[in-house]
Number of protein chains: 2
Amino acid sequence: MNKSAHRIDALQYNNWSPKIFEQLQQGGVHAVHVTIAYHENLRETILNIEQWNLWFERYPQLIMQGRTGDDVRLAKQLGKTAVFFGFQNPSPIEDDIGLVEIVHTLGARFMQLTYNNQSLLASGCYEANDSGVTRMGKQVIKEMNRVGLVVDMSHSGERSTLEAVDLSSRPIAITHANPHAWAPALRNKSDAVIKAVAGRGGMFGFSLYPHHLKDKTECTLESFCHMVARTADMVGVAHIGMGTDLCQDQPDTVVEWMRKGRYTKETDYGEGSPSNPGFPNMPAWFQDNRDFDNVAAGLATVGFSPQEVDALMGENWLTFFDNNFGQIGAQPIPTS
Amino acid sequence: MNKSAHRIDALQYNNWSPKIFEQLQQGGVHAVHVTIAYHENLRETILNIEQWNLWFERYPQLIMQGRTGDDVRLAKQLGKTAVFFGFQNPSPIEDDIGLVEIVHTLGARFMQLTYNNQSLLASGCYEANDSGVTRMGKQVIKEMNRVGLVVDMSHSGERSTLEAVDLSSRPIAITHANPHAWAPALRNKSDAVIKAVAGRGGMFGFSLYPHHLKDKTECTLESFCHMVARTADMVGVAHIGMGTDLCQDQPDTVVEWMRKGRYTKETDYGEGSPSNPGFPNMPAWFQDNRDFDNVAAGLATVGFSPQEVDALMGENWLTFFDNNFGQIGAQPIPTS
């Protein structure tokens with residue numbers, strides 16, 4: 001890893017602890033996008049932010065809140081990790097477009113329009129019928145574009161995703177998924193989606209969550225890195241990066257809640273199954289944040305140059321952060 | 001008015017409209033502290049912030065959100081008014097100390113510990129028994145000190161106010177009141193309170209709300225300015241300023257709601273009376289934001305120097321903003 005390069009992971013949802021904050025530092029991770037809401041309403045999301053504020057106050061030598069690309073550079077200088085907030089569902093904005101700016105002010109930088117199911121904004125990838133972006137969805141995308149809250153379609157349906165790419169005036173992201181052609185999970189994305197997102201300047205983050213991997217937990221580093229190389233051949237190196245979906249130290253009750261939220265009283269196995277209902281084991285070569293060097297080495301092995309490995313391991317996300325987290329038309333400071 | 005001076009009003013609660021934003025500009029008001037919550041919980045307060053966000057978006061040539069003293073300087077340079085948020089009651093933080101930092105992040109810069117009645121934090125000035133700052137109040141003052149949310153005791157009881165001055169590690173404010181010795185309203189403050197607040201570097205803002213004035217609506221500019229001069233003789237010029245409590249264009253239903261909130265089903269006339277239940281008429285010499293020059297001229301007439309008039313009309317508040325709106329121990333940007 002080039003000493004000037006920044007390492008960024010575009011999705012984690014761990015059972016956070018000082019141990020994991022130290023592992024972020026040990027792994028040289030300068031920024032991480034963390035999920036702070038799946039099904040929470042605004043008040044519940046704010047409780048989660050309060051918990052992060054307490055961690056920022058208690059562990060200032062390890063973590064700091066991230067709001068801009070420059071915060072990633074600052075975190076690297078200070079030897080800590082910048083934590084960027086995001087939502088996997090639009091539940092925090094309830095039915096209220098005014099909350100888009102409020103949550104951005106509180107630090108949210110990514111918001112999925114859906115999490116598997118239909119939302120007020122679009123259709124999730126588990127719905128039988130994808131009716132595309134809704135009336136409110138169109139308004140919210142415009143407002144997200146205005147304030148600098150990135151549209152994330154990781155858990156959305158194909159039609160909704162392609163419509164969101166077209167409707168959004170700024171690039172969108174798939175923070176955590178893989179190509180469906182490599183691993184045919186319902187959550188993985190068609191080449192059409194990957195090309196559309198990248199073609200508009202968006203970013204695609206590769207997941208290491210076993211249900212998104214070929215051969216799941218048994219997936220080899222070589223297979224993963226060849227998949228990255230094939231994706232780079234398809235859309236170029238500049239619009240792909242990492243989004244591991246690491247869910248470290250979580251009890252299985254959490255994945256049950258992630259899948260069910262409050263929408264059903266029945267069991268929803270999601271990407272699991274009755275025989276495998278919990279969190280799957282991570283691949284041996286990526287157990288936690290200290291293993292990013294394995295991924296970087298694997299990418300070099302399949303032929304990426306050192307500069308390309310740096311781009312894939314974080315520099316591409318940093319460019320995306322620089323361009324997409326700020327308000328359009330914000331008042332510049334006058335010189336005088 | 002010296003051209004380099006900044007004019008600041010430390011309390012207004014108008015029925016806001018483009019007309020009033022223009023009057024702020026016409027009156028040369030570079031910053032105003034506006035009340036955005038009396039009895040609202042967090043979610044309701046956020047709805048009020050959403051309304052302000054819409055105004056900031058729609059009238060960018062007239063107003064901008066203020067968060068720091070430098071925003072006042074920027075507003076002056078740009079020919080607009082910086083709007084600072086505050087609460088007259090701690091209802092927006094509910095029973096949750098974590099909300100202190102959340103509301104500061106959203107822009108709150110002043111919070112009263114009480115509004116007339118007992119709160120979770122302290123006793124209001126209308127309570128028969130003032131039991132002082134509560135257990136939670138002590139914790140919240142410490143947290144307000146940490147993040148840079150100013151303790152405002154304008155509507156608090158005497159004992160609670162004196163205790164808050166002692167407990168607070170940073171200066172506190174009485175944003176809008178007058179000396180009880182001049183006009184013996186329940187809301188006006190004893191010399192002991194004024195001396196205690198000023199003695200710790202705090203600020204006292206003079207109110208033009210008729211119920212706080214000698215002879216109410218008939219109060220003369222000369223009487224008001226002599227009172228300011230007597231206060232300056234008592235505590236010095238550096239810790240006093242304006243806090244007009246202007247409630248322009250409000251229907252009387254609003255003052256009924258301000259007094260009653262949700263605490264009673266009966267009528268509470270507050271500072272009014274059965275024969276005068278609504279908003280009182282403002283004095284002839286201060287009808288709206290265009291009349292600040294009258295006040296400045298009156299202060300000069302009673303003997304304040306031009307520099308002192310500038311201090312009273314805003315420069316003192318600007319110094320207070322500079323010193324008290326930021327987080328203590330915030331991470332400095334490293335030089336490298």
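In this predicted model, helices H6(B) and H7(B) are roughly parallel to each other, because their axes meet at about 15 degrees and angles under 35 degrees count as roughly parallel. The two axes lie 10 Å apart. H6(B) passes H7(B) in a left-handed crossing. On the H6(B) side, the contact is made by B:Glu158, B:Thr161, B:Leu162 and B:Val165. H7(B) contributes B:Val193, B:Ala196 and B:Val197. By class, 5 residues of this contact are nonpolar, 1 is polar and 1 is charged.

H6(B) spans residues 158-167 of chain B. Its buried residues are B:Ser160, B:Thr161, B:Leu162, B:Glu163, B:Ala164 and B:Val165. These buried residues pack against three elements of chain B: helix H5 (135-147), strand E6 (150-152) and H7. B:Thr161, B:Leu162 and B:Val165 are buried, and they also take part in the contact with H7(B). An α-helix has 3.6 residues a turn, so residues three or four places apart point the same way.

H7(B) covers residues 191-199 and also packs with helix H8 (residues 221-235) of chain B. The axes of H7(B) and H8(B) come within 10 Å and cross at roughly 60 degrees. That angle makes H7(B) oblique to H8(B). The crossing is right-handed. From H7(B), the contact draws on B:Asp191, B:Ile194, B:Lys195 and B:Ala198. B:Thr231, B:Met234 and B:Val235 come from H8(B). This contact holds 4 nonpolar residues, 1 polar residue and 2 charged residues.

Another helix pair in chain B is formed by H10 (residues 292-301) and H11 (residues 306-324). Their axes come within 9 Å, with a crossing of roughly 140 degrees. H10(B) is therefore oblique to H11(B), since the cut-off for roughly antiparallel is over 145 degrees. The crossing of H10(B) and H11(B) is right-handed. H10(B) supplies B:Phe292, B:Ala296, B:Leu299 and B:Ala300 to the contact. H11(B) supplies B:Val309, B:Leu312 and B:Met313. The contact consists of 7 nonpolar residues, with no polar and no charged ones.

Chain A was described as a whole. Its secondary structure comes to 11 helices and 9 strands. The radius of gyration is 18 Å, close to the 20 Å that the globule rule gives for 336 residues, so chain A is as compact as a globular protein of that length. Along the principal axes, its C-alpha atoms fill a box of roughly 65 × 45 × 40 Å. Of the 336 residues, 50% count as buried. Among contacts in chain A with a separation of 6 or more, 70% join residues 24 or more positions apart.

Two loop glutamates were examined. A:Glu127 is found in the loop between strand E5 (108-112) and helix H5 (135-147) of chain A. A:Glu127 has 17 other C-beta atoms within 10 Å and is partly exposed. Not counting residues up to four places away in sequence, A:Glu127 touches A:Asn117, A:Gln118 and A:Gly157. A:Glu127 and A:Asp70 are 57 residues apart in sequence. Their C-alpha atoms are 39 Å apart in space.

B:Glu94 sits in the loop between strand E4 (81-87) and helix H4 (99-105) of chain B. With 15 other C-beta atoms within 10 Å, B:Glu94 is partly exposed. B:Glu94 and B:Asn41 are 53 residues apart in sequence, yet 6.3 Å apart from C-alpha to C-alpha. B:Asn41 is one of the contacts of B:Glu94 beyond four places in sequence, along with B:Leu42 and B:Leu99.

Backbone geometry was also considered. Most residues other than glycine have a negative phi, and most peptide bonds are trans. A:Asp249 is not a glycine, but has a positive phi of about 65 degrees. A:Asp249 lies in the loop between strand E9 (240-242) and helix H9 (252-260) of chain A. A:Asp249 counts as partly exposed, because 14 C-beta neighbours lie inside 10 Å.

B:Asp245 likewise is not a glycine and has a positive phi of about 65 degrees. B:Asp245 occupies the loop between strand E9 (240-242) and helix H9 (252-260) of chain B. B:Asp245 is buried, with 26 other C-beta atoms within 10 Å.

Technical notes. Residues numbered from 1 in each chain as written. Chains lettered and ligands numbered in written order. Predicted model: local features only at pLDDT ≥ 70, side-chain atom pairs only at ≥ 80, totals over all residues. Axes fitted to C-alpha atoms, helices over the stretch in contact; angles between N-to-C directions. Helix = DSSP H or I, 4+ residues; strand = E, 2+ residues; numbered from the N terminus. Parallel < 35°, antiparallel > 145°, perpendicular 65-115°, else oblique. Left-handed = near helix turned anticlockwise from the far one by under 90°. Contact = placed C-beta atoms within 7 Å. Nonpolar A, V, L, I, M, F, W, Y, C, P; charged D, E, K, R; others polar. Rg over C-alpha atoms; globule rule 2.2 N^0.38 Å. Buried ≥ 20, exposed ≤ 12 C-beta atoms within 10 Å, placed from the backbone.
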